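Trainee: I am new to this structure. Please take me through one part of it closely, in short steps.

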Amino acid sequence: MGELEASMKPAPIALFTYNRLAHTRKTVEALASNELANLSDLYVFSDGAKSEIDQGEVDAVRQYLRNIRGFYSVHVTEQPNNIGLSQSIIRGVSQVCEEQGRVIVLEDDLVTSPYFLRYMNDALNLYEDEPDVVSIHGYIYPTTSPLPETFFLKGADCWGWATWKRGWRIFNPDGAALLRELVTNELTDEFDFNNAYPYTQMLRDQLSGKVDSWAIRWYASAFLKNMLTLYPGKSLVQNIGHDGTGRHCGPSDEFEVRLARKPVQFHPLAIAEDLFARRIVERYFRSLGRPTLAKRVQRKLRRIWQRTTAARPA
């Protein structure tokens, strides 16, 4: 199946916002530029302010949300109190899945390619009846090696994703139970991509209260059920939240990507994890934190300049 049937209504979109008006505006404008936006129902969940300092920013976001255009319908839920990102997403996704049977999920710092909604809807329809497929994902890392057009990885992900009611049903919010099962079955190495990325530590941090992450529990829930998520070979999502303004991440350019410039083409896939793609992603994880050649040259030139400047007579 290459295209959405004309008679089939696109999946509803759930957007989660807090207090970043500029990011929210970019997210909504990019989404509204998608081909299927005018046929899609948009559900926006606006979390309440944590403090009086945040209240003005939250109010500004809500004023913008009330005037969104470009979608089939817009439904805004303004949470009176702050419940945090995890609870906001868990409640919102559960609500839309229960009412509509499927959902496409975005946060307020995810800018999408014009082909994002087409890919999501095509894939939701294609794999709806595949019990081993838990979700569809729109972001893929900026790997140095090319990836297949589409492929499966074990687990689930959180930057522009979609699922069905049957998929979300396996979500387990009990981080302690998830960690216990990973450790008991000696799965932590695999869970961490052969120790390339500290997902197990993220789960421990969630348990200790250091982070408030629904996403690590979503990944663990799907991983432990041996379920798969579909990824695109070229990213349809850009995370603009790594600029130091986010509540849950600091500034970084390690996850920056070039958005896909053409629609995703679907080809027959075995319903199994793509081990070739997994190795490429693992290599990317191992590269995180290492300076690129350009950065190393830049640092060396800066040191030379500093030594030269220091040697000059006053």
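This is a predicted model: local features need pLDDT of at least 70, side-chain atom pairs count only at pLDDT 80 or more; totals for chains, interfaces and linings use all residues.

**Around helix 8**

Mentor: Helix 6 passes helix 8 in a left-handed crossing. Two packed helices are described by the angle between their axes and the distance between the axes. Here the stretches are residues 175-184 for helix 6 and residues 199-208 for helix 8. Their axes come within 9 Å and cross at roughly 145°.

Now look at who makes the contact. From helix 6 come Gly-175, Ala-176, Leu-178, Leu-179, Leu-182 and Val-183. Helix 8 answers with Thr-200, Leu-203, Arg-204, Gln-206 and Leu-207. Sorted by type, the residues of this contact are 7 nonpolar, 3 polar and 1 charged.

Next, the aromatic rings. The whole structure holds 28 aromatic pairs. A pair of aromatic rings is described by the distance of the centres and the angle of the planes. Take Phe-193 and Tyr-199. Their ring centres are 6.3 Å apart and their planes stand at 50°, so this pair is tilted. Phe-193 counts as buried, at 5% relative accessibility. Tyr-199 is buried too, with a relative accessible area of 12%; the cut-off for buried is under 20%.

Tyr-199 has another partner. Its ring centre lies 6.0 Å from that of Phe-285, with the planes at 80°, so the pair is edge-to-face. This pair links distant parts of the chain. Tyr-199 belongs to helix 8, while Phe-285 belongs to helix 10 (residues 275-287), and 86 residues separate them. Phe-285 is buried, with a relative accessible area of 3%.

Step back to the wider group. Ring pairs link a cluster that includes Phe-193, Tyr-199 and Phe-285. Among its other members are Tyr-139, Tyr-141, Trp-159, Phe-191 and Tyr-197. Tyr-219, Phe-223, Phe-255 and Tyr-284 also belong to the cluster.

Arg-278 lies over the face of the Phe-193 ring, 4.1 Å from the ring centre.

Now follow the chain to the loop between helix 7 (188-191) and helix 8, where Asn-194 is found. Asn-195 is in that loop as well. Check the backbone here. Most residues other than glycine have a negative phi, and most peptide bonds are trans. Asn-194 has a positive phi, near 55°. Asn-195 also has a positive phi, near 65°. Asn-194 is partly exposed, at 42% relative accessible area. Asn-195 is exposed, at 51%, since exposed means over 50%.

The protein chain has 11 helices and 10 strands. Of its 314 residues, 50% count as buried. Take the contacts between residues at least 6 apart in sequence: 82% of them join residues at least 24 apart.

One residue elsewhere gives a further example. Lys-9 is placed in the segment before strand 1 (13-17). Lys-9 counts as partly exposed, at 40% relative accessibility. Setting aside neighbours within four places in sequence, Lys-9 is in contact with Leu-39, Asp-41 and Tyr-72. The C-alpha atoms of Lys-9 and Asn-121 are separated by 9.3 Å, though these residues are 112 apart along the chain.

Note on methods: Residues are numbered from 1 along each chain as its sequence is written. Side-chain values use heavy atoms; hydrogens and water are left out. Axes are lines fitted to C-alpha atoms, for helices over the stretch in contact, and angles run from 0 to 180 degrees between N-to-C directions. Helices (H or I, at least four residues) and strands (E, at least two) are DSSP runs, numbered from the N terminus. A crossing is left-handed if the near helix is turned anticlockwise from the far one by less than a right angle, and right-handed if clockwise. Contact means heavy atoms within 4.5 Å. Ala, Val, Leu, Ile, Met, Phe, Trp, Tyr, Cys and Pro count as nonpolar, Asp, Glu, Lys and Arg as charged, and the others, Gly among them, as polar. Rings of Phe, Tyr and Trp (its six-membered ring) pair if their centres lie within 6.5 Å; planes under 30 degrees apart count as stacked, over 60 as edge-to-face and the rest as tilted. Buried means under 20% relative accessible area, exposed over 50%, partly exposed in between (1.4 Å probe, protein chains only). A charge sits over a ring if NZ of Lys or CZ of Arg is within 6 Å of the ring centre and within 35 degrees of the ring normal.
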